[in-house]
Structure formats: C-alpha cells, structure tokens
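Here is a report to read alongside the picture. Take a moment to look around the fold before you start.

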Amino acid sequence: MGQILNFSQHLRHINDPEHPLTLEQLHVMELNNVEVDDACNRVVVRFTPTIPHCSMATLIGLSIRVKLLRSLPRRFKVDVLISPGTHQSEDAVNRQLNDKERVAAALENNHLMEVLNRCIANTDRTT
C-alpha cells in the first residue's frame, strides 16, 4: 500500500482540462484505482470521467499517461483505462489510450501538447 501511496503522488495534482480543479478533487482519479506491480514492471490506472459522455476522456487519459511517462522508470508498462461502465465510448477510448502509435502521433501535435503540459504543470508537489 505504501508503494501505491507514493505512486499516487505522481497523479494527484493533474488538472482537469476544463475545470479549475484537479482530477483527484473531481473524483476522476482515486487511489483505489491505481495498481502497481513492481515485480512485473506494470502500472494500471483506471479513471472515471465526470459524465458518461465526457468529451475530454481521451485528453484526461493522455494527461495521466504523459505524467507517468515522464515520472516513472522506463521499465514500467503503463495501462491507462476508463473505469468499466463509466463512459459510453469506453472501449474506443481505452484502445486509443493504450495504442503506442496513436499516443505517439497525439504527442507530436503541438497544440495538444500545450494543453497536456498545462494539465500536468505543478504536479511534482508532494501535498
């Protein structure tokens, strides 16, 4: 559990792309939806969009993925998923968020990177 608590510090201050609140404050990101398997070098993060038709779900997932890519050792495989049953396009968004080529293409978009960088700005604080 201590490892998950330490790990969650990487994610708890990510800002929502539309609201002046963090994903944690909006209950989009919660500690019990983070799984860390250090022995298998795997991290699974599930998030819950605020509404079932949230148009920002992919952007939220990308912000989580980018923060993890920048924070974790490269040995970790990261899966970012929408919590089951919480979004009308859950399968499509999950495929996008975990497709290396789609993520790489998204990260080449300068405007999108500006938005993502704003979401994860100031996320290195520990409280």
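Two strands count as paired if DSSP finds at least two bridges between them. Helices (H or I, at least four residues) and strands (E, at least two) are DSSP runs, numbered from the N terminus. This is a predicted model, where local features need pLDDT of at least 70, side-chain atom pairs count only at pLDDT 80 or more, and totals for chains, interfaces and linings use all residues. Residues are numbered from 1 along each chain as its sequence is written, and side-chain values use heavy atoms, with hydrogens and water left out.

Let's begin with the sheet. It is open, with 3 strands in the order β1-β2-β3 and mixed pairing. Because β1 (34-37) and β3 (77-82) are at the edges with a single partner strand each, one side of each has no neighbour in the sheet. Strand β2 (residues 42-47) runs parallel to β3, joined to it by 6 bridges. Here Phe 47 lies opposite Ile 82 of β3.

Contact means heavy atoms within 4.5 Å; axes are lines fitted to C-alpha atoms, for helices over the stretch in contact, and angles run from 0 to 180 degrees between N-to-C directions.

| Helix | Residues | Strands touched | Angle with β3 |
|---|---|---|---|
| α2 | 57-71 | β2 and β3 | about 160° |
| α3 | 90-97 | β2 and β3 | about 160° |

Now for the interior. A nonpolar core is a set of buried (under 20% relative accessible area, 1.4 Å probe, protein chains only) Ala, Val, Leu, Ile, Met, Phe, Trp, Tyr and Cys residues joined through side-chain atoms within 4.5 Å. The largest one has 34 residues, and Met 29 and Phe 47 are among those with the most contacts inside it. Helix α2 gives the largest share of this core, 7 residues.

Notes:
Buried < 20%, exposed > 50% of the residue type's maximum accessible area, 1.4 Å probe, protein only.
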